[in-house]
Amino acid sequence: MTMFEGKTAIITGAARGIGQAIAFDLAAKGADIVIGDLKAEWLSETEEALKQLGASVTCKELDVTSAEACQSVFNDVAKENGRIDILVNNAGITRDGILMRMSEEDWDAVLTVNLKGTFNCTKAATRTMMKQRSGSVINIASIIGLMGNAGQANYAASKGGVIAFTKSVAKELASRNVRANAIAPGFISSKMTDALSEEVQQQMLAAIPLGVFGSPQNVADAVAFLASDQSAYITGQVLSVNGGMYM
Ligand code: NAI
């Protein structure tokens with residue numbers, strides 16, 4: 001029997017990047033996968049690859065900023081799959097800029113997707129998880145939410161908020177055996193990091209004790225742990241996946 005056989009996992013922002021890697025990993029470990037992203041057609045590549053893995057996969061067009069949309073999608077999943085075991089709040093955006101020049105729109109956009117989106121999806125999944133008397137909510141925060149970063153006041157506030165939200169929800173849901181934890185990734189390789197000059201990459205690597213950028217798979221490994229019974233006694237925690245960059 002595979003690790004997550006019979007379990008349903010929902011991953012937001014799964015069309016690419018870290019969310020896609022999480023979906024592949026949970027599928028490989030036997031979970032029934034529900035992937036959401038802003039546009040359904042963006043999900044077709046992930047869906048195809050998940051089917052190749054032999055996974056059961058459902059795609060949902062889902063804008064996490066809409067409470068109504070989240071409730072409706074999660075209600076449908078609860079009906080179609082009969083349960084929701086794992087929720088990975090991964091959808092996230094950046095709109096960087098120094099405070100003096102940061103527009104109200106850029107502040108609101110980042111807080112709305114990263115923090116309110118996490119609230120919307122967690123709230124929408126909670127009833128089903130509480131009724132089941134089991135569930136694991138995993139919120140993808142960031143190293144920036146722990147240490148701050150010049151030029152990312154909105155992003156840092158949103159991810160710090162996600163961490164505080166996670167701890168509060170963990171306290172509220174613990175009596176029903178529903179756990180909530182956050183993961184704080186450091187520098188994870190992506191198309192964005194690949195595009196940086198060799199010199200900038202070397203400067204960044206110098207700040208990472210393990211001397212390499214993380215991979216989406218490193219984050220997916222932490223998600224699988226927090227989703228599994230191997231972390232049954234862990235809730236309200238922040239797991240840093242950052243090569244030692246911030247301790
Ligand atoms: P990405 O930009 O490659 O993927 C994010 C996904 O979220 C995209 O598919 C996008 O369409 C989706 N999305 C955006 N707004 C949405 C909305 N309103 N509703 C639903 N989906 C939406 O980003 P990446 O790098 O894969 O990051 C994933 C998560 O990891 C984010 O929360 C990010 O803040 C976090 N993170 C990333 C790090 C990195 O180095 N890449 C480091 C630390 C945290």
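Reader: Let's start with Asp25. Is Asp25 buried or exposed?

Author: Asp25 counts as buried, because its relative accessibility is 8% and the cut-off for buried is under 20%. Keep in mind that this is a predicted model.

Reader: Okay, and what does the side chain of Asp25 meet in a salt bridge?

Author: That would be Lys29. The two side chains come together at 2.9 Å, N to O.

Reader: How accessible is Lys29?

Author: Lys29 is at 24% relative accessibility, so it counts as partly exposed.

Reader: How many salt bridges does the structure hold?

Author: There are 4. One of them links Lys51 and Glu47, with the closest N and O atoms 3.2 Å apart.

Reader: Where do Lys51 and Glu47 lie?

Author: Both are in helix H2, residues 44–52, and they sit 4 residues apart, about one turn of the helix. Lys51 is partly exposed at 44% relative accessible area, and Glu47 is partly exposed too, at 21%.

Reader: Switching topic. In what order do the strands of the sheet come?

Author: The order is E3-E2-E1-E4-E5-E6-E7, which makes an open sheet of 7 strands with parallel pairing. Strands E3 (57–61) and E7 (238–241) stand at the edges with a single partner strand each, so one side of each has no neighbour in the sheet.

Reader: By how much are neighbouring strands turned against each other?

Author: By 20° on average, ignoring direction.

Reader: Which helices pack on it?

Author: Helix H6, residues 153–173, is one of them, and it touches E5, E6 and E7. The direction of H6 makes about 160° with that of E6. Helix H9, residues 216–227, lies across E4, E5, E6 and E7 and runs at about 165° to E6.

Reader: E6 keeps coming up. How many bridges join E5 to E6?

Author: 6 bridges, between E5 (residues 135–140) and E6 (residues 178–185), with the two strands running parallel. Among the paired residues, Ile140 has Ile183 in E6 as its bridge partner.

Reader: And what about E2, is it mostly covered or open?

Author: Mostly covered: of the 6 residues in E2 (residues 32–37), 5 are buried. E2 also runs parallel to E1 (residues 8–12), and 5 bridges join them. Thr12, for instance, has Gly36 in E2 as its bridge partner.

Reader: Now the loops. What does Gln152 contact?

Author: Leaving aside neighbours within four places in sequence, Gln152 is in contact with Thr94, Asp96, Gly97 and Ile144. Gln152 lies in the loop between H5 and H6 and is buried, with a relative accessible area of 10%.

Reader: What does Leu53 touch?

Author: Phe24, Ala27 and Ala28, not counting residues up to four places away in sequence. Leu53 is in the loop between H2 and E3, and its 46% relative accessibility makes it partly exposed.

Reader: Which residues other than glycine have a positive phi?

Author: Two to look at are Arg133, with phi near 60°, and Asn177, with phi near 65°. Arg133 is in the loop between helix H4 (104–132) and E5, and Asn177 is in the loop between H6 and E6. Arg133 counts as partly exposed at 46% relative accessibility, and so does Asn177 at 43%.

Reader: Last one: which residues form a nonpolar patch on the surface?

Author: Leu146, Met147 and Tyr246, with about 240 Å² of accessible area together. Met147 belongs to helix H5, residues 144–147, and at 40% relative accessibility it counts as partly exposed.

How values were computed. Residues are numbered from 1 along each chain as its sequence is written. This is a predicted model: local features need pLDDT of at least 70, side-chain atom pairs count only at pLDDT 80 or more; totals for chains, interfaces and linings use all residues. Side-chain values use heavy atoms; hydrogens and water are left out. Patches are made of residues with over 30% relative accessible area and no salt bridge: like charges are joined within 9 Å, nonpolar side chains (Val, Leu, Ile, Met, Phe, Trp, Tyr) within 5 Å. Accessible areas come from the Shrake-Rupley method with a 1.4 Å probe; for residues, only the protein chains shown count as cover. Buried means under 20% relative accessible area, exposed over 50%, partly exposed in between (1.4 Å probe, protein chains only). Two strands pair if DSSP finds at least two bridges between them. Axes are lines fitted to C-alpha atoms, for helices over the stretch in contact, and angles run from 0 to 180 degrees between N-to-C directions. Contact means heavy atoms within 4.5 Å.
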